[in-house]
Amino acid sequence: MTFWLVAAVAGAPLVALGAALQQNAAVHCKNMGFLRLLTQLVRRPKWVLGSATTLCGAVMHIIALSNGPLTVVQPLGMSGLPIAVLIAAAIDRRRVSAGEMFGTFAVSAGLVSLLLLLPHESSRPTLDGPSAAVLCGSALALILGTAFMARRSTGAVNALFLAIGSGVAYGVFAALTRVGGSSAINEMSGTVIWVIGLAIVFCVMGLLFQQNAYRTGRFALSYATLLVADPITGALIGVIVLNEQLPTSFLANVGVLAACAVTISGVVVLTRLHPPHHAVADPAPPPARELVGV
């Protein structure tokens, strides 16, 4: 087992713990606007601790991205999903519902299957200016589209679109980190600086959407959707932009489609669940208005 694979596996539980702590803090900040939410969260020790834990896991993930193929490293991040749901329930002092566990394990099983079916080899990634412009422009348009849909929706659908926006942003961040990290290891150049700069921008966008999804109180749905949108975005970028490989056999591609169906079914189950009681503990304006507050 190579070092980058160990780093990817070790980072997932840390990210899961951090996400559970962040959600517990974010769910009590319902009255803050979309952009001003982070200014309130940084004052909460539990959120700061969760962010530090997530950062440790993210460092492990970045190490993995700098050395391993995007199509493998990104799906490994989902391995912490059941752990995150259990930790979040423990922090909230409640039992995990059967629907939550079924949905999270369906998502996990689907993504694990994808991991097993995808090729495990890749060449050094490269990204030129025009390709980066198209990639970032397309991703930004998609993220703004999810923001628009989140603004026009409430409840589970609102959380779903916010989490999709976060996952897309993090997927682009992962792809850019893969390019920047690999380039820095081989040779430092001007490309590394602007690629890392773009990566930071998308990371901040992902964080904003993520925390706003968490405060809806639908943690299992938000985290699961994020973990689906993130690797799918990363894998698509890896294949389309970075020349990474997909399975070539017919059976393997059928398996990929089946794994995607299982994953989507898990997200659908989580979408239909009611949020835990703490999610409505604080009075708040409709989620549709939260997105436009500053």
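This is a predicted model: local features need pLDDT of at least 70, side-chain atom pairs count only at pLDDT 80 or more; totals for chains, interfaces and linings use all residues.
I looked up isoleucine 196 to start: it is partly exposed, with a relative accessible area of 40%. For the cut-offs, buried means under 20% relative accessible area, exposed over 50%, and partly exposed in between (1.4 Å probe, protein chains only).

Residues are numbered from 1 along each chain as its sequence is written, and side-chain values use heavy atoms, with hydrogens and water left out.

Isoleucine 196 sits in helix H9 (residues 190-214). Helices here are DSSP runs (H or I, at least four residues), numbered from the N terminus.

Next I checked H11 (residues 250-271). Its 22 residues should span 32 Å at 1.5 Å a residue, and the end C-alpha atoms are 32 Å apart, which agrees. The expected span is 1.5 Å times one less than the number of residues.

Which residues of H11 are buried? I noted Ala252, Gly255, Val256, Ala259, Thr263, Gly266, Val267 and Leu270. They cover an arc of only 115 degrees around the axis, so they lie on the same side of H11. That arc is taken from the directions from the helix axis to the C-beta atoms. On the other side of H11, Phe250, Leu251, Leu257 and Ile264 are exposed.

Last, the cysteines. I found zero disulfides in the structure, counting a pair of cysteine sulfur atoms within 2.5 Å. Cysteine 136 is buried at 12% relative accessible area, while cysteine 203 is partly exposed at 26%.

Terms used. Helices (H or I, at least four residues) and strands (E, at least two) are DSSP runs, numbered from the N terminus.
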